[in-house]
Amino acid sequence: MIVEESKTEKKKNLKPYVEVKDLVTQFFTSRGIVKALDKVSFSVYPGEIYGLVGESGCGKSVTSTSVMDLIPDPPGRIISGEIYIDGFNIIADLNKMARIKIKSETDVRIRRYKKAIKRHNNVLSKIRGDKIAMIFQEPFLALNPTMTIGDQIMEVIMLHNISSISNSILRRENISSGEVRNFITEFYSINDETQKRKEVNNFAASYAIQEFEESILSLLATSDDKQYIENEILNMVRENRTGMNIQNIREIKGYFDLQNDIFQNTLRLLQAERNGDSSAIKQFNSELSKLKRIEASSFFLLRLKLKFAYKYVMKEYRKEARRRTLELLTLVNIAGPEVVIDSYPHELSGGMQQRAMIAMSLASNPRMLIADEPTTALDVTTQAQILEIIKDLNKLIGMAVLFITHDLAVIAETCNRVGVMYAGNIVEESSTIEIFNDPKHPYTVGLMSSVPRADKKREKEIKLETIPGTVPNLITPPSGCRFHPRCKFAMDICSLKKPKLVEISERHKVACFLYSDESEVE
Amino acid sequence: MELKYYIIRRLLVLIPTIIGLLLLTFILLRAIPVNDLIANYVNQKATPAEKALEKQQAITLLGLGQPLPVQFFTYLTDVANGNLGNMYSAYYNGGVLRGIELFLPVTLEIAIFTVIFSVLISIPLGTFIGSRPNSVSDSVGRVFSLIFYAMPIFWLALMLQYAFGKNLLFLGSYGLPINGQGFPIQQVGFVHNHTGYSYSVPTHMLFIDAVLNLDFPLAVVAFEHLILPVLTLSMTVLAGLLRFIRAGMVDTSNQEYIKTARAKGVPEKLVLKRHIRKNALLPSVTVIGLLVAGLLGGAVVVEDIFQITGLGRLSLAAITGTSGNGANIQFFGVAGTVLFFGLILMLTNLIVDIVYAFLDPRIRY
């Protein structure tokens, strides 16, 4: 039932892919300020599945949306904190974007600075979907009802993957016998069967000839004549050429590469601005304006065409994107992808919709996926299949997953590490196996004893325990430790000070005064 | 293929609807006392004996003595044969169908320009204010649309006339031509019929005909005559549409799939254009159909105020029907114009439904 924690030791020296530090998110409503998140910190390492678990209304979903900075504004805002995605702090400019004046709980004035917000959104739109993707609780609501599944998935590819598509098209059009020969010798030098498959897959993907993957495999399996195989593969690829306008593709590639350069430069400029390095700011600013001048002078006509005849200009790319989409749909085990790609969300079942969502989130090969209760709206068999897909993707691609759920069984089945949330705080964080076998925080203990379990014998009581009370109203949260009104072991200090999340044993963190005296600095 | 059958089905449904419409107008009009209905056929200056004889003759001629169902059936047969009867008024004398043929295009021209103008203005404006709810521009837009939505058409028409036509706000001493008279008619391919009415060919809409005949000076004049009526009618339609599009935009931007779009990394501009606006405009298509109904009612008023020779004034003339012997209601005139107003409304709604089915993949037909 419980996933073995295997690579924890190895992870110690790794850099986290997503690191959240002291994240505070609040919602300004007419009834008062909802303190949804109160200094949440956690990090997700590459290749692991990190679970966030807790009762309804304890801030799990707010955490996940905050990580992507998708909190709807108004009413919500991230107040402070740091979110590092792949080493880049996406919310370093909070003070530049808005100034918040709190006069009273119900009277909050927010002054927004449009220019900074626009730049922030521009930067984030390149990060979202590309480096980090998200799937949602109710796939039916999360898919655009008036766009086909294919269009919605292709949109991601067309936004983030133009450069790689250009590369593979160019490679396919200019394929040489030497490259094929290299591939064949490479293939024969590998002994492992799965490695061989992977090699063929890589080859097919980099030349955008995925539909020939099977025939190449069978060709390699049936024949030993290298010269013959080489000619066959070359023929296959050459027949697949569609007589595209290579000049056109080169131009588009050039334009999107330039766009990418501009973006990278903007990131560097932002970093320099944060560090207050004036000479670097000057340098990056001049570089940026140089790039923009190139954009304006040499791509004027292309930009005009893209603006008014996008579909026509990009039609080769759309064809490639469609092929990738079909591949993605096959990857997530959708039956009949050729039909599904042209159907609308309402024509699919819930499980299919969630699969399509997953395919969409994988479209640009992100290194991390946020799954916000992806199985809650689905029935149990579909739920198992979806979990299986997520686990497979984690294993095959090495994609990190932030998995949010209230279902402890799902956590046990999928996650490597777990954070337990209560009322906007992470109260305990540990490996899955440890949290199930040795929960420390009274809230976690309560959660564990409220679940029927097959692997533990219950000596005394047959009745399931519940935690008394409900999640507090976060407009006026309890002072000190937010769990103390419901806690069996509450002490005097609990209502006065807020416990700090401290490591009590190796990789096991708890925020409770039962285990440590350290309190959060106000 | 399915859409084709849907259209055929909807067209077939039109037939009972039209019969229902005819029945309703027939019953309502037949509720008028017979004396008033046949007043046209009786010489009021004649002696009582002669009057009684003429009355009797008129009743026999029109078949008013027969049972009502028989009368209705006779009326239906006549309508099916294209015989809508005659009407007599100061505005128009002659066959009702002929009159409709003459005057309907003028009303249609105004209606078409009104719809085009309001849609062209309200979509970008609604997108703009709907994408920044509770901002200053949003508040201003909402207040103005509410004012224009609530404003009576006749008052607005008079005020516009006063401001641009008579009081010469900024158009010099001439102002805009505010009535439908004074066209240089000899320049375009006009056709005179036997009653002396002249109309343009081929569409009977002066502005479009002038453009088609490459008579641009006339087109300019015709266009000037269209400005104020179209502006008046547009204000209500525009205000209604604007409010609806704005509400749709705000509602759609709170949907979950907009969050998905942002999570995919779609830039804000594209989120607005591709995801929010497209979904927000869908219900507005239905509203356009509803607003056309209000527009037809407004056309009667506007045509009267701006002296436009349109179907609205024809129906007004049929109701007041001044012809020699004082005011007499024109049965056939009223029935005919009501039938055509109804037809326009039904066809508009049919078109709207088809367009909606075409745009929204969720509609099953």
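Strands S1 (residues 18-29) and S2 (residues 32-44) of chain A run antiparallel and are joined by eight bridges. Helices (H or I, at least four residues) and strands (E, at least two) are DSSP runs numbered from the N terminus, and two strands pair if DSSP finds at least two bridges between them. The model is predicted: local features need pLDDT of at least 70, side-chain atom pairs count only at pLDDT 80 or more, and totals for chains, interfaces and linings use all residues, while side-chain values use heavy atoms, with hydrogens and water left out. Residues are numbered from 1 along each chain as its sequence is written, and chains are lettered from A and ligands numbered from 1 in the order in which they are written.

A hairpin of two residues connects S1(A) to S2(A). Within this pair, A:Glu19 faces A:Ser43 in S2(A), and A:Phe27 has A:Val34 of S2(A) as its bridge partner. Both strands belong to an open sheet of four strands in chain A, ordered S2-S1-S4-S5 with antiparallel pairing. S2 and strand S5 (88-89) of chain A stand at the edges with a single partner strand each, so one side of each is left without a neighbour in the sheet.

The table gives its two partners.

S9(A) is mostly covered, with five of its five residues buried; buried means under 20% relative accessible area, exposed over 50%, and partly exposed in between (1.4 Å probe, protein chains only). In a regular strand the side chains alternate between the two faces of the sheet. A:Met368, A:Ile370 and A:Asp372 point one way from S9(A), A:Leu369 and A:Ala371 point the other way, and all are buried.

Helix H11 (residues 226-240) of chain A contains A:Met236. This residue counts as buried because its relative accessibility is 16%. Leaving aside residues up to four places away in sequence, A:Met236 touches A:Phe212, A:Ser215, A:Ile216 and A:Leu219, a contact being heavy atoms within 4.5 Å. The C-alpha atoms of A:Met236 and A:Pro139 are separated by 39 Å, the two residues lying 97 apart along the chain.

The second largest pocket has a volume of about 1,200 Å³. A pocket is an open set of points on a 1 Å grid over the protein atoms alone, where a 1.4 Å probe fits, with protein on both sides within 12 Å along at least five of seven lines; lining residues have an atom within 4 Å of a point. The volume is the space filled by probe spheres set on the points. Its lining consists of 30 residues, and A:Asn201, A:Ala205, A:Glu213, A:Glu327 and A:Leu331 lie nearest the centre. Helices H7 (162-173), H9 (193-206), H10 (213-222), H16 (315-331) and H19 (380-397) of chain A each supply at least two lining residues. By class, the lining has 11 nonpolar, 10 polar and nine charged residues.

Chain B has 13 helices and four strands. Of its 365 residues, 44% are buried. Among contacts in chain B between residues at least 6 apart in sequence, 69% join residues at least 24 apart.

Terms used
Ala, Val, Leu, Ile, Met, Phe, Trp, Tyr, Cys and Pro count as nonpolar, Asp, Glu, Lys and Arg as charged, and the others, Gly among them, as polar.
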